[in-house]
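The tour below moves from one selection to the next and says what is found at each stop.

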Amino acid sequence: MPTRRERPPGRPPRSIPAAPAGRWSVQHLPAPMDGPGRRVIHHESCWIPTGGADLTLDQALRELARPGSEACAACDARHLPRS
């Protein structure tokens with residue numbers, strides 16, 4: 001007769017979706033009074049009009065790493081890895 005309880009199996013690690021292929025764009029948002037400006041990174045499929053999507057994935061990741069940058073929560077940019 002076993003005297004100790006067996007542990008239930010652990011949860012498998014959550015996989016992080018890969019960043020989609022395609023082109024990217026940066027939306028420059030106006031800075032509030034005496035505050036820093038913001039930049040939002042968008043995938044070319046985003047419904048928010050930002051002009052031409054002319055960045056590669058590597059360029060988009062570099063932009064995302066800059067202070068004041070964030071990934072769009074409405075498009076595939078939300079899958080970009082944060083460094």
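Predicted model: local features only at pLDDT ≥ 70, side-chain atom pairs only at ≥ 80, totals over all residues.

Residues are numbered from 1 along each chain as its sequence is written, and side-chain values use heavy atoms, with hydrogens and water left out.

The three strands form an open sheet in the order S1-S2-S3 with mixed pairing, where two strands pair if DSSP finds at least two bridges between them. Between S1 and S2 the pairing is antiparallel over six bridges, and if you select Val 26 you will find its bridge partner in S2 at Ile 41.

**The core**

Next, select Trp 24, Val 26, Val 40, Ile 41, Cys 46, Leu 55, Ala 60, Leu 64, Cys 72, Cys 75, Ala 77 and Leu 80, the twelve residues of the largest nonpolar core. Such a core is a set of buried Ala, Val, Leu, Ile, Met, Phe, Trp, Tyr and Cys residues joined through side-chain atoms within 4.5 Å; buried means under 20% relative accessible area, exposed over 50%, and partly exposed in between (1.4 Å probe, protein chains only). Centre on Ala 60, which touches Trp 24, Ile 41 and Leu 55, not counting residues up to four places away in sequence (contact means heavy atoms within 4.5 Å).

**The salt bridges**

Finally, display the three salt bridges, each defined by a side-chain nitrogen of Lys or Arg within 4 Å of a carboxyl oxygen of Asp or Glu. In one of them, Glu 70 pairs with Arg 38, the closest N and O atoms being 3.2 Å apart, and this pair links S3 to S2 across 32 residues.

Glu 63 bridges to Arg 39, with the closest N and O atoms 3.6 Å apart; Glu 63 lies in H1 and Arg 39 in S2, so the pair ties together parts 24 residues apart in sequence. Glu 63 also bridges to Arg 66, at 3.2 Å between the closest N and O atoms, so that Arg 39, Glu 63 and Arg 66 are linked in a network. Within it, Glu 63 is buried at 19% relative accessibility and Arg 39 at 11%, whereas Arg 66 is partly exposed at 39%.

Note on methods. Helix = DSSP H or I, 4+ residues; strand = E, 2+ residues; numbered from the N terminus.
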